[in-house]
Amino acid sequence: MYKRILLKLSGEVLSGEGEKGFNHENIIYLVDELKKILEYGTNMGIVIGAGNLFRGREMQELSPTIADQIGMLGTVINALYLKDIFEKNHLRTVVVSQVTSLPSIRPIHYDDINLYFDAGYVVIFAGGTSNPFFTTDTAAALRAVEMKADILIKGTKVDGIYDKDPKKYNDAKKFNMLTFDEAIEKGLKIMDTEAFSICKRYNMKILVMDFFKKNNLLSAVREENVGTLVVPK
Ligand SMILES: Nc1ncnc2c1ncn2[C@@H]1O[C@H](COP(=O)(O)OP(=O)(O)O)[C@@H](O)[C@H]1O
Ligand SMILES: O=c1ccn([C@@H]2O[C@H](COP(=O)(O)OP(=O)(O)O)[C@@H](O)[C@H]2O)c(=O)[nH]1
């Protein structure tokens, strides 16, 4: 069983696929799925996206640098929203970020991360990488390496990595396992090349799995055969 994981969740986990905003049922589903894992004492870092609010590339009328800063602020909004709901459901949570100074957000200090985990807190990393032109997948790769996670788990709306987008092609074939080099060479669009290449450099395994299937996250953390694993060799 993995002891320390970085979970990357798309903003749409909070709204429902293709929706905007917050859907309480979806968020309670997330809380329930996390509780099943946290009861084992698993150290849990979360990088949350902002697709339920703003994606830089969707704001064509704006300059990309501004649109992306709005996108990053969206991840901060999601992180604070989650912190409150988590705590109302008895999950102690700390939000850390470099992009904003607000009373409920702490700066990222490496020395503190272990203290938060030891005290049983979920750590939500908000604000992406702090730079425009990146995505929260790349932030997840960075934070996974920084917090020395056993694995980066991308919880998403498909059940793994395919040779082409399974939402567009019925004949797409799923991989059970592939290497970072294969993922990069094949140009698989499930994650950014930047994220794959950071994980490759630091030997950080990635698991892509269907977050919307009940108990799937627990199976993933128990190292059962779900989703697609991306490994160094
Ligand atoms: N090779 C691929 N294998 C699996 N999913 C893929 C692939 N290429 C594109 N996708 C798409 O990537 C999506 C998941 O990425 P996700 O990060 O959740 O999206 P976003 O970041 O846009 O919210 C899936 O819905 C799927 O349609
Ligand atoms: O390091 C980062 C992370 C995110 N973003 C912006 O924040 C938005 C939301 O992140 P993402 O698209 O990764 O969210 P998700 O699709 O996972 O919900 C992106 O579209 C970018 O505009 C950014 O500029 N830099």
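**View 1. The open sheet of the predicted model.** Nine strands make up an open sheet with mixed pairing, in the order β4-β3-β5-β2-β1-β6-β8-β9-β7. Its edge strands, each pairing on one side only, are β4 (105-106) and β7 (177-179). Two strands pair if DSSP finds at least two bridges between them. Strands (E, at least two residues) and helices (H or I, at least four) are DSSP runs, numbered from the N terminus. This is a predicted model, in which local features need pLDDT of at least 70 and side-chain atom pairs count only at pLDDT 80 or more, while totals for chains, interfaces and linings use all residues. Residues are numbered from 1 along each chain as its sequence is written, chains are lettered from A and ligands numbered from 1 in the order in which they are written, and side-chain values use heavy atoms, with hydrogens and water left out.

View 2. Strand β6 covers residues 151-156, and six of its six residues are buried. Buried means under 20% relative accessible area, exposed over 50%, and partly exposed in between (1.4 Å probe, protein chains only). One side of β6 carries I151, I153 and G155, the other L152, K154 and T156, and all are buried. Strand β1 (residues 4-9) runs parallel to β6 and is joined to it by five bridges; L6 has L152 as its bridge partner in β6. Five bridges, also in the parallel sense, pair β6 with strand β8 (residues 206-210). There, G155 has M209 as its bridge partner in β8.

View 3. Strand β3 (residues 93-97) pairs with strand β5 (residues 122-126) over five bridges in the parallel sense. F125 in β5 is the bridge partner of V96. Helix α2 (residues 24-38) packs on the sheet and touches β1, β2 (43-48) and β5; the directions of α2 and β2 make about 150°. Helix α4 (residues 110-118) also packs on the sheet, touching β1, β2, β3, β4 and β5, and its direction makes about 140° with that of β5. Contact means heavy atoms within 4.5 Å. Axes are lines fitted to C-alpha atoms, for helices over the stretch in contact, and angles run from 0 to 180 degrees between N-to-C directions.

**View 4. The contact of helices α5 and α7.** The axes of α5 (residues 136-146) and α7 (residues 193-201) come within 7 Å and cross at roughly 15°. The two helices are therefore roughly parallel, a term for angles under 35 degrees. From α5, residues D137, T138, A141, L142 and V145 meet E194, A195, I198 and C199 of α7. By class, this contact has six nonpolar, one polar and two charged residues. Ala, Val, Leu, Ile, Met, Phe, Trp, Tyr, Cys and Pro count as nonpolar, Asp, Glu, Lys and Arg as charged, and the others, Gly among them, as polar.

View 5. G127 is found in the loop between β5 and α5. G127 counts as buried because its relative accessible area is 0%. Not counting residues up to four places away in sequence, G127 touches M72, T75, V76, S97 and V99. L62 is found in the loop between β2 and α3 (64-88), and counts as partly exposed because its relative accessibility is 31%. With the sequence limit of up to four places applied again, L62 touches A67 and I70.

Methods. Angles under 35 degrees count as roughly parallel, over 145 as roughly antiparallel, 65 to 115 as roughly perpendicular and the rest as oblique.
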